[in-house]
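Here are a few notes to go with your first look at this one. Have the model open while you read.

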Amino acid sequence: RRRVLELARELVELGDPADPSDPSGARALVPRDYEAALAALAAGLDALRAYGAEHRGELEGGPDTTAAAAYDRFVEACAAFVATGRAYAACVGRAPTADGKVDLATLPRCPGGDRRALTERYDAFVHTSNASPFAR
């Protein structure tokens, strides 16, 4: 669970980078780095699903009777974040690049897969995680 949250944070930070050292406020995204972080998060989600399948009985039969439902909500929220991350990756893939970077100011509008959607889906995922603990 913790590792998936760490990977999600890395993805959102790469997807909407801030460069405090650049006084112009210009921000550039490196598609290769973003794609790698997205692949790592998707792999983390797959590992979490495998864990859930293997330990479903513990989640359902443990002292916390809400653990299985909380796990399901966490996985569902993560999957939605990954889907939004993939939509954003497709948007980034259509953007012009310079030196292997995308200037976020030139990023085309992409309904359902823009920086705002990515950030909002991340916030919803973190909220679900905080509201639905399933691990001891």
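1. First, a term: helices (H or I, at least four residues) and strands (E, at least two) are DSSP runs, numbered from the N terminus. With that in hand, the order from the N terminus on is α-β-α-α-α-β-α, which comes to five helices and two strands.

2. A word on what you're looking at: this is a predicted model, where local features need pLDDT of at least 70, side-chain atom pairs count only at pLDDT 80 or more, and totals for chains, interfaces and linings use all residues. Residues are numbered from 1 along each chain as its sequence is written, and side-chain values use heavy atoms, leaving out hydrogens and water.

3. On confidence, pLDDT is the predictor's score for each residue, from 0 to 100. The chain averages 87, and 90% of the residues score at least 70. Helix H2 (residues 31-54) has the highest mean, 95, while helix H3 (residues 56-61) has the lowest, 81.

4. The C-alpha atoms fill a box of roughly 55 × 25 × 25 Å along the principal axes. Of the 136 residues, 38% are buried, meaning under 20% relative accessible area with a 1.4 Å probe, protein chains only.

5. Now have a look at Asp 114, in the loop between strand E2 (102-103) and helix H5 (115-131). Is Asp 114 buried or exposed? Asp 114 counts as buried because its relative accessibility is 17%.

6. What does the side chain of Asp 114 reach at 2.8 Å? That would be the backbone nitrogen of Ala 117. There's also a polar contact (N or O atoms within 3.5 Å, one able to donate a hydrogen and the other to accept it; residues adjacent in sequence count only if both atoms are side-chain atoms): the side chains of Asp 114 and Arg 109 are joined at 3.2 Å.

Terms used:
Buried means under 20% relative accessible area, exposed over 50%, partly exposed in between (1.4 Å probe, protein chains only).
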